[in-house]
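Me: I would like to go through this model by question and answer. Please start with the terms.

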Amino acid sequence: MAAARRTAQAHGYSGLNFRELASQVGIKAASIHYHFPSKADLGAAVAKRYWEDSAAVLEALWAESSDPVLCLRQYPDTFRKSLENGNRICLCSFMSAEYDDLPELVKKEVLAFTDVNIAWLTRVLSAATEMNEEESEQWAHAIFAAISGAQLMARSRSDISVFDALIYSYRRAGLVPA
C-alpha cells in the first residue's frame, strides 16, 4: 500500500502498475492481485487509506490545539509534506486531474478526501469566526482549492518555495488565516 501510495502521488492512478509495484516491494504481481483483483480495487484502497490517514491528521491537529486559528494556520503544512517527500503532490489532487478516466470505485474515494477536508475546514472556520456554516463552507472550498493549486504549482517547478510564497500571499490577502 505504501509503494502504491508513493507511485500514485508521483504518477497518479494511471501510474499504478502491478508488476512495477511488485518489483518495488520484492514480491510477485500475483500476490498483489490476490488482495486487489483489479487496478480499480487497488486504486480505491490506496485512495481510501489516504483520505483516512488525512482525516486522522486533521483530527489530531484539532485535538492538539484549542485554538481554531492555529489549526487553520497549520493546515497548509498537511499539503506541504507531500512536496517535501520527493516533490509529490496530494494523491487525491493527482487523481482528481484524472477524474473522468477513473473507475467509479476510485472516484468515490477521491471525492471522500475532498469531503473530509471541506468538512474539517468548515468546522474549524465556524469555530474561528462568526460566520454561519454555509459561509464557512464556501470559505473552506476556497482555502482547499487555493492550497491544492499552490501545491500543484510548486510541484510543476520542483520548488517548494513556490508553495511557501503562495501560502504567504494567501495569508496576506486574508484567504488563509494568518
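Reply: A salt bridge here is a side-chain nitrogen of Lys or Arg within 4 Å of a carboxyl oxygen of Asp or Glu. This is a predicted model, in which local features need pLDDT of at least 70, side-chain atom pairs count only at pLDDT 80 or more, and totals for chains, interfaces and linings use all residues. Residues are numbered from 1 along each chain as its sequence is written, and side-chain values use heavy atoms, with hydrogens and water left out.

Me: How far apart are the closest N and O atoms of Glu84 and Arg80?
Reply: Helices (H or I, at least four residues) and strands (E, at least two) are DSSP runs, numbered from the N terminus. Both Glu84 and Arg80 belong to helix H5 (residues 68-84), four residues apart, about one turn of the helix. They form a salt bridge, and the closest N and O atoms are separated by 2.3 Å.

Me: Which residue forms a salt bridge with Arg5?
Reply: The closest N and O atoms of this pair are 3.3 Å apart, and the partner of Arg5 is Asp53. The pair links distant parts of the chain, 48 residues apart, with Arg5 in helix H1 (residues 2-11) and the partner in helix H4 (residues 39-64). Buried means under 20% relative accessible area, exposed over 50%, and partly exposed in between (1.4 Å probe, protein chains only).

Me: What is the distance between the closest N and O atoms in the salt bridge of Glu52 with Lys48?
Reply: Glu52 and Lys48 sit in helix H4, four residues apart, about one turn of the helix. Glu52 is partly exposed, with 34% relative accessibility, and Lys48 is partly exposed, with 37%. Their closest N and O atoms are apart by 3.9 Å.

Me: How many helices does the protein have?
Reply: Read along the sequence, the pattern is α-α-α-α-α-α-α-α-α. The protein has zero strands, and its helices number nine.

Me: What share of the 178 residues counts as buried?
Reply: The C-alpha trace spans about 55 × 30 × 30 Å along its principal axes. Buried is the class under 20% relative accessible area. Of the 178 residues, the share in that class is 44%.

Me: Where is Met131 in the chain, and how far is its C-alpha atom from that of Phe18?
Reply: Met131 is placed in the loop between helix H7 (104-128) and H8. It is partly exposed, with a relative accessible area of 28%. Met131 and Phe18 are 113 residues apart along the chain, and their C-alpha atoms are separated by 47 Å.

Me: Is Ser158 buried or exposed?
Reply: Ser158 lies in the loop between H8 and helix H9 (160-173). Its phi is near 50°, a positive value in a residue other than glycine. At 60% relative accessibility, Ser158 counts as exposed.

Me: Which loop holds Asn87?
Reply: Asn87 is not a glycine, yet it has a positive phi of about 55°. Its loop is the one between H5 and helix H6 (91-97).
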